[in-house]
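Subject: Structure handover

Hello,

Here is the structure I promised to pass on. Please open it first, then read my notes below.

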Amino acid sequence: MPATVDPGTFLGHRLDIRDLDLDTAFRERPLDSDTLRCLQYMHDIENHTVCYLRDTLVTPAHEDPRLTTFLTMWNYEEHWHGEALAAVLEAHDRPAGRTRVAQVRRQLGRRQRFRPAAFLFGSMIVPDMVAVHMTWGAVNELTTQAGYAQLARKADHPVLSDLLHRIMRQEGRHVDFYTSEARTRLARSKPTRRVTRLALRRFWRPVGHGVRPESEVGFLINHLFGDAAGRHAAARIDRHVDRLPGMSGLRLVSSALERYGAAPAAAR
Ligand SMILES: [Fe+2]
Ligand SMILES: [Fe+2]
């Protein structure tokens with residue numbers, strides 16, 4: 001794992017899927033309803049990235065041009081992930097694209113609207129809010145990448161797998177940046193490690209929690225991580241987080257599986 005990732009070398013790329021004939025591939029072999037339900041969730045959340053960016057930029061992260069360079073590229077890449085997933089959903093006559101995104105944003109509760117104020121307030125009382133953010137981001141990118149891997153495995157559709165593996169390669173670079181940034185910042189100070197650990201332990205929930213209904217979060221977690229391979233993937237993420245300074249033993253993803261009722265691997 002690299003010690004640091006230079007955002008100056010991190011050029012955002014539009015995910016290119018123009019060589020994939022989605023209409024033919026999915027007409028000949030449509031995806032099952034569980035896979036489409038997961039893709040709907042992922043589409044909605046990829047398209048919510050710009051709102052997560054809004055929350056990040058009210059913190060001191062906006063003062064650091066290294067971070068804003070990365071965040072600009074990151075948001076661009078996540079936008080195209082949303083567009084790619086929209087194309088898959090549209091091939092199945094499922095809601096996707098701007099109309100769907102507008103609907104999801106309209107349905108958000110008041111808590112979501114106050115998030116920028118909460119982040120602003122948090123950054124006034126937390127010594128290194130950016131460290132919390134980068135660590136949180138590392139966990140979210142790891143779980144997102146693993147979620148795509150599990151979906152590709154479970155759906156077992158060659159064209160969907162190809163598309164998801166292209167997304168996963170970009171998610172891997174997001175993981176590298178957030179992880180290296182988190183490691184550097186956590187290593188600097190004990191109070192930062194303590195606050196970050198507390199924040200993750202108390203407040204971390206799977207990506208999309210608060211944006212999609214609890215029933216959808218639970219479905220996604222159980223479908224993607226509820227079997228033996230999924231549980232192994234969850235444990236691997238927890239071990240990755242363990243290696244960040246002061247973060248060992250948090251078991252964030254394994255605990256989320258238990259919270260959402262995912263059965264033990266042996267029982268499935
Ligand atoms: Fe993404
Ligand atoms: Fe990502």
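One definition before the metal sites: donors are N, O and S atoms within 2.8 Å of the metal (3.2 Å for Na, K and Ca), and water is not among the atoms, so sites may look incomplete.

Some ground rules. This is a predicted model, in which local features need pLDDT of at least 70 and side-chain atom pairs count only at pLDDT 80 or more, while totals for chains, interfaces and linings use all residues. Residues are numbered from 1 along each chain as its sequence is written, chains are lettered from A and ligands numbered from 1 in the order in which they are written, and side-chain values use heavy atoms, with hydrogens and water left out.

**The iron ions**

Start with the iron ion (ligand 1).

Which residue bridges the iron ion (ligand 1) and the iron ion (ligand 2)? Glutamate 78 does, and the two ions lie 3.8 Å apart. The pair of glutamate 78 and glutamate 171 links distant parts of the chain. Glutamate 78 sits in helix α4 (residues 65-90) and glutamate 171 in helix α9 (residues 158-188), 93 residues apart. Helices here are DSSP runs (H or I, at least four residues), as are strands (E, at least two), numbered from the N terminus.

Are these glutamates buried or exposed? Both glutamate 78 and glutamate 171 are buried. Buried means under 20% relative accessible area, exposed over 50%, partly exposed in between (1.4 Å probe, protein chains only). Glutamate 78 counts as buried because its relative accessibility is 3%. For glutamate 171 the value is 0%.

Helix α2 (residues 33-46) packs against helix α5 (residues 97-106) at about 80 degrees, with axes 10 Å apart. That angle makes α2 roughly perpendicular to α5. Axes are lines fitted to C-alpha atoms, for helices over the stretch in contact, and angles run from 0 to 180 degrees between N-to-C directions. Under 35 degrees is roughly parallel, over 145 roughly antiparallel, 65 to 115 roughly perpendicular, and the rest oblique.

Gln40, His43 and Asp44 in α2 meet Gly97, Arg100, Val101 and Val104 in α5. Contact means heavy atoms within 4.5 Å.

**Two buried residues**

Threonine 59 lies in the loop between α3 (49-57) and α4. Its 1% relative accessibility makes it buried. Beyond neighbours within four places in sequence, threonine 59 contacts Phe119, Ser123, Met129, Val130 and His133. Threonine 59 and phenylalanine 119 are 60 residues apart in sequence, yet 6.5 Å apart in space, C-alpha to C-alpha.

Leucine 142 belongs to helix α8 (residues 129-155). Leucine 142 is buried too, at 9% relative accessible area. Residues up to four places away aside, leucine 142 touches Val175, Ile237, His240 and Val241.

**Confidence**

pLDDT is the predictor's confidence in each residue, from 0 to 100. The protein averages 93, and 94% of the residues score at least 70. Among its elements, α2 has the highest mean (98) and helix α6 (residues 110-113) the lowest (79). Over residues 264-268 the pLDDT is below 50.

Best wishes
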